[in-house]
Amino acid sequence: MNTASTQGQYARIRISWPTGHLTATLEDTPTTQALLKALPLTASAHTWGEEVYFDTGVSVSRETDARQVVEPGTVAFWTDGDALALPYGPTPISRGDECRLASPCNVLGRLDGDPRRLATVRDGDPVRVETVDI
């Protein structure tokens, strides 16, 4: 795997659920490296407003550039819950249309394609995460 690519791309993952899937491009961060070691994984989805999150079994520390307000389609890691957090719109604590996560999260990368496809994920759906070639 080429870790010195021009756009900061380090790895790609596929996130699949019963009614769809998305890929995401991740940057080279300590959290990304820890997540990749745990893949493939399957977990039960949870929804919180217009966010999907699920347990990864990975435990990492909050990084110095962790953020609570992110753009739709950000791939974030919620260190308080050892979970990937995938916001695509407002959450219950958002102000206006922003994507406000429950607490500051490590930012891993971005979803490829329309993040609103996550609206088809239902609470309890099985979600699978696996690596795909760049």
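# Strand pairing and side-chain contacts in a predicted chain

Asp-55 stands opposite Ala-83, a residue of strand β8.

## Paired strands

Strands β5 and β8 run antiparallel and are joined by five bridges. Strand β5 also has a partner in β4: two bridges join them, and here too the direction is antiparallel. Across that pairing, His-46 stands opposite Tyr-53 in β5. The hairpin of β4 and β5 has three residues between the strands, and Gly-49 in this hairpin takes a positive phi near 60 degrees.

## The chain as a whole

How many helices and strands does the chain contain? The secondary structure comes to one helix and ten strands. Their order along the sequence is β-β-α-β-β-β-β-β-β-β-β. The chain has a radius of gyration of 14 Å, close to the 14 Å given by the globule rule for 134 residues, so it is as compact as a globular protein of that length. Along the principal axes, the C-alpha atoms fill a box of roughly 40 × 35 × 25 Å.

Of the 134 residues in the chain, 46% are buried. The accessible surface amounts to about 6600 Å², and carbon and sulfur atoms hold 45% of it. Among contacts with a separation of 6 or more, 70% are between residues 24 or more positions apart.

## The aromatic pair

A search of the whole structure finds one aromatic pair. The rings of Tyr-53 and Trp-78 form this pair in an edge-to-face arrangement, with 5.8 Å from centre to centre and 85 degrees between the planes. The angle counts as edge-to-face because it is over 60 degrees. The pair links distant parts of the chain: Tyr-53 belongs to strand β5 (residues 51-55) and Trp-78 to strand β7 (residues 74-78), 25 residues apart.

## Salt bridges

Side chains of opposite charge can pair when their charged atoms come close. The search of the whole structure finds five salt bridges, including those in the table.

| Side chains | Distance, N to O |
|---|---|
| Arg-116 and Glu-50 | 3.0 Å |
| Asp-80 and Arg-62 | 3.5 Å |
| Arg-100 and Glu-98 | 2.6 Å |

Arg-116 lies in the loop between β9 (99-112) and β10 (126-132), while Glu-50 lies in the loop between β4 (46-47) and β5, so the pair ties together parts that are 66 residues apart in sequence. Arg-116 is partly exposed at 43% relative accessibility, and Glu-50 is partly exposed with a relative accessible area of 25%.

The side chains of Asp-80 and Arg-62 also meet in a salt bridge. Asp-80 is in the loop between β7 and β8 (83-87) and Arg-62 in the loop between β5 and β6 (67-70), so this pair ties together parts that are 18 residues apart in sequence. Asp-80 is exposed, with a relative accessible area of 51%, whereas Arg-62 counts as partly exposed at 42%.

For the salt bridge of Arg-100 and Glu-98, the setting is described by burial: both residues are buried.

## Helix and loop positions

Gln-33 lies in helix α1 (residues 30-38). This residue is partly exposed, with a relative accessible area of 33%. Which residues does Gln-33 contact, leaving aside its neighbours within four places in sequence? They are Tyr-10 and Asp-28. From Gln-33 to Asp-114 the separation is 81 residues in sequence and 25 Å in space, C-alpha to C-alpha.

Gly-57 is found in the loop between β5 and β6. With a relative accessible area of 63%, Gly-57 is exposed. Gly-57 and Ser-94 are 37 residues apart in sequence, and their C-alpha atoms are 27 Å apart in space.

Terms used. Residues are numbered from 1 along each chain as its sequence is written. This is a predicted model: local features need pLDDT of at least 70, side-chain atom pairs count only at pLDDT 80 or more; totals for chains, interfaces and linings use all residues. Side-chain values use heavy atoms; hydrogens and water are left out. Rings of Phe, Tyr and Trp (its six-membered ring) pair if their centres lie within 6.5 Å; planes under 30 degrees apart count as stacked, over 60 as edge-to-face and the rest as tilted. Helices (H or I, at least four residues) and strands (E, at least two) are DSSP runs, numbered from the N terminus. A salt bridge is a side-chain nitrogen of Lys or Arg within 4 Å of a carboxyl oxygen of Asp or Glu. Buried means under 20% relative accessible area, exposed over 50%, partly exposed in between (1.4 Å probe, protein chains only). The radius of gyration is taken over C-alpha atoms; the globule rule is 2.2 Å times the number of residues to the power 0.38. Contact means heavy atoms within 4.5 Å. Accessible areas come from the Shrake-Rupley method with a 1.4 Å probe; for residues, only the protein chains shown count as cover. Two strands pair if DSSP finds at least two bridges between them.
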